[in-house]
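Colleague: Please bring up the model. I have some quick questions.
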Amino acid sequence: MLLPTTVVGSYSVPEWLERLKTEYYQRRISAQHLTEIHEVAIKAAIKDQELAGIDIVSDGELRRDNDVDYFLARIPGVHIPQRAKTDYFDYYDAEVTRPLPEVPDSPDKTPGLDLAADFRFTRQLTRRPVKFSFTGPFSLSRRIRDDAYSQPGDLVRALARRLNAEARMLADAGADFLQIDEPFLAGYPEQVELAVEAVNMVVDGVAATWALHVCYGNRYARPSWEGHYDFLFPAVKAARVDQVVLEFARKGLDDLRLIRQYEWDKWLGFGVIDVKTPEVEPAELVAARIRRALEYVPADRLMINPDCGLRHLAPEVARQKLRAMVAGVAAVRAELADPETTQPREGGTT
């Protein structure tokens, strides 16, 4: 299939789910009750993606409060003094006071993040391919107070070793499309080499298709940083991943020049939907963006996705945006099948 469609990871969190998550932290509902609620929400998110026509679906990351806490709360050696929250979306105050325990030879026999169980639950709900994403070691380290390591980067590497063990268990569970999210990297561009080194530690020895997502933040549907992807290149070419997933809809398409300039010859996950606005893009605009990308990336190396996760969009808006994305892709697929129907490339710089 040319131009496969997917999501970056997170899906719309409805207001009722936000309230119930916060109720849990205020000890008004049990952990078991919240687990059941999460499972219902995940089923609905997958169904929404299927009905929209998404080719490669995700679990919507609906078990996760934000992009960090779900992982830090499960990593042995990360201390979280206070686990109560006023609001579910708040970040924990996490710390390490001594080096993290090394991953044993049989990591599946020790406590961990248990991401493989999350994948298995999702896998049974759909016949479509599943992409499973998790936050990368560099971004996780930005939310930890480090009183354990004297050398810069050692905490990042320790987290990478732990995530590598989780990735191996995910692969053993059947996960074959894994994505590392580094939403904090744009705020620390001078550390891109360290982040790439850690990515390579995570993917080491794991037989899967790997994607690396780098955005400019999506906290409360606002960017945390601004800029261009110049900082990412050429360092990212050393990453042993099959695809980079980048945002273009909000920022514009100027950074496509980097794909050509640095001769990126792997897949590009191309962001065509702006997740920071409730305005639904017309399918024609989506198609115009894809046509522009095809000037830089062959159709057989282009995957289509939103800029980032859909967490902060209202459910109906998320559904409409995904449908518009799928419709725009369908239009370009038809043009590729019959070049004589290709439309003029108006609006391609949007």
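**Sheet and helices**

Modeller: Start with strand 2 and strand 4 (residues 177-181): they run parallel and are joined by four bridges. Strands here are DSSP E runs of at least two residues, helices are H or I runs of at least four, and both are numbered from the N terminus. This is a predicted model, where local features need pLDDT of at least 70, side-chain atom pairs need 80 or more, and totals for chains, interfaces and linings use all residues. Residues count from 1 along each chain as its sequence is written, and side-chain values use heavy atoms, without hydrogens or water.

Colleague: Which residue does Phe134 stand opposite in strand 4?

Modeller: Ile180.

Colleague: How many strands form the open sheet, and in what order?

Modeller: Six, in the order 2-4-5-6-7-8, with parallel pairing. Two strands pair if DSSP finds at least two bridges between them.

Colleague: Which strands stand at the edges?

Modeller: Strand 2 (132-135) and strand 8 (302-306). Each has a single partner strand, so one side of each lacks a neighbour in the sheet.

Colleague: What does the twist average from one strand to the next?

Modeller: It averages 25°.

Colleague: New topic, helices. Which strands does helix 9 touch?

Modeller: Helix 9 (residues 283-293) packs on the sheet, touching strand 7 (267-273) and strand 8 (contact: heavy atoms within 4.5 Å). Its direction makes about 155° with that of strand 7. Angles run from 0 to 180 degrees between N-to-C directions, on lines fitted to C-alpha atoms, for helices over the stretch in contact.

Colleague: And where does helix 10 lie?

Modeller: Helix 10 (residues 315-337) lies across strand 7 and strand 8. It runs at about 155° to strand 8.
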